[in-house]
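Hello,

Here is the structure for your files. Please look it over before reading my notes below.

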Amino acid sequence: MKIAVFEVEEWERPVFERVDSGHEIKFTSDKLTLANADEFSDAEVLSTFIYSTLNSAILSKFTKLKLIATRSTGFDHVDAVYCKEHGIMVANVPTYGENTVAEHVFALILSISHNMVESIERTRKGDFSLQGLKGFDIRGKTLGVFGTGHIGRCVIEIAKGFRMDVLAFDLYPNLEYAADLGFRYGTVEEVLSKSDIITLHLPANAATHNFLSAPQFEMMKKGVVIINTGRGTLIDIHALLHAIAGGKVAAVGLDVLPEEPVIREEAELLRSITQKLPLETLLADHILLRLRNVIITPHSAFYTKEAVERILYTTVDNIKSFIMGNPQNIVIGK
Ligand code: NAI
């Protein structure tokens, strides 16, 4: 089979050789875009990370395509309708990093509660003053968790270690697990109105688009902290800015932003003009980047040595099992 692997680092290439010999594998460190698609258009299997947007314009270049093995849990960067219509299967990596992302959630929470960024910036300059650095305990605070799947559950386990109270919401509550761990499910309204810290672990789809918007911020406690490691589209960024400006939201920790692929690369900025991307959203992202009570990481929640290795080995297994006629971890085109 012809396999094309995008967004790949040098050290990752030998792992793909575990796909048995007799297959032709092409590697590139670049994202898959319209500009380079023709070079790889005879591929039957594609493997990308999340920065390749696999829309119909790009996928239509690949007339022999049978499998997309995304090296991520989320698959919202793939046009599901196109894949279903054209018999293309999509395999993901379902569980590589629930602890990894959950640990990052607490890195964000503790950075906020202990004013870590400002504290470290000060001492590096030889300034040991405490003025304005008073933080808050998380013990005894209520953590609101939206989405109690792999990552959300791991977040709850860690929260219980910090002796936080946890309120959660999920379309499919796991009551047995809640009883075991000592947390409670509530309605969306209850979780929003009773939580001191809110963290999002929902997939990005039409139902969760702008999951937190003006009416939801309205229901929250004054001084709430918002954490998002899910996807940028889960939060209406303009409503968030209003909630920060009005003092409803005290602090924010984000690993994801709307229009993130554009904001992360300068070269992409011009594309926002030619493709008429919403400039207000880009501007809102830039405002967030400058606020002292907002901390942003570059979609690095998953990025540890152990998680990256798990991603790679599962992806190779996804490709191997597909070739052997026994596809696994299929999320589109089952
Ligand atoms: P999961 O599929 O195990 O859990 C998602 C949960 O959300 C499920 O329990 C599901 O029932 C619930 N859910 C779905 N739609 C809902 C709705 N409309 N209302 C309420 N609940 C709903 O997913 P997992 O592994 O926990 O990951 C969650 C998300 O985190 C992924 O979709 C991905 O976008 C993001 N992620 C971010 C990473 C990062 O590096 N920042 C790394 C890995 C995942």
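How many residues surround the ligand, and which are the closest? The shell holds 23 residues, and the closest are His150, Ile151, Asp170, Thr229 and Asp255.

A word on the basis. This is a predicted model: local features need pLDDT of at least 70, side-chain atom pairs count only at pLDDT 80 or more, and totals for chains, interfaces and linings use all residues. Residues are numbered from 1 along each chain as its sequence is written, and side-chain values use heavy atoms, with hydrogens and water left out.

**Ligand**

Polar contacts here are pairs of N or O atoms within 3.5 Å.
- A side-chain N or O atom of His150 is 2.7 Å from a ligand oxygen.
- A polar backbone atom of Leu171 is 3.2 Å from a ligand nitrogen.
- A polar backbone atom of Phe302 is 3.3 Å from a ligand oxygen.

On its own, the ligand has 860 Å² of accessible area (Shrake-Rupley, 1.4 Å probe), and the protein covers 85% of that.

**Helix pair**

H11 (residues 237-245) packs with H14 (residues 279-290). Both helices are DSSP runs (H or I, at least four residues), numbered from the N terminus. The angle is about 40°, and the axes are 9 Å apart. Axes are lines fitted to C-alpha atoms over the stretch in contact, with angles from 0 to 180 degrees between N-to-C directions. In H11, Ile237, His238, Leu240, Leu241 and Ile244 meet residues of H14 including Ala284 and Leu288; contact means heavy atoms within 4.5 Å.

Terms used: Near = heavy atom within 4 Å. Polar contact = N/O pair within 3.5 Å; in protein donor to acceptor, adjacent residues only side chain to side chain. Helix = DSSP H or I, 4+ residues; strand = E, 2+ residues; numbered from the N terminus.
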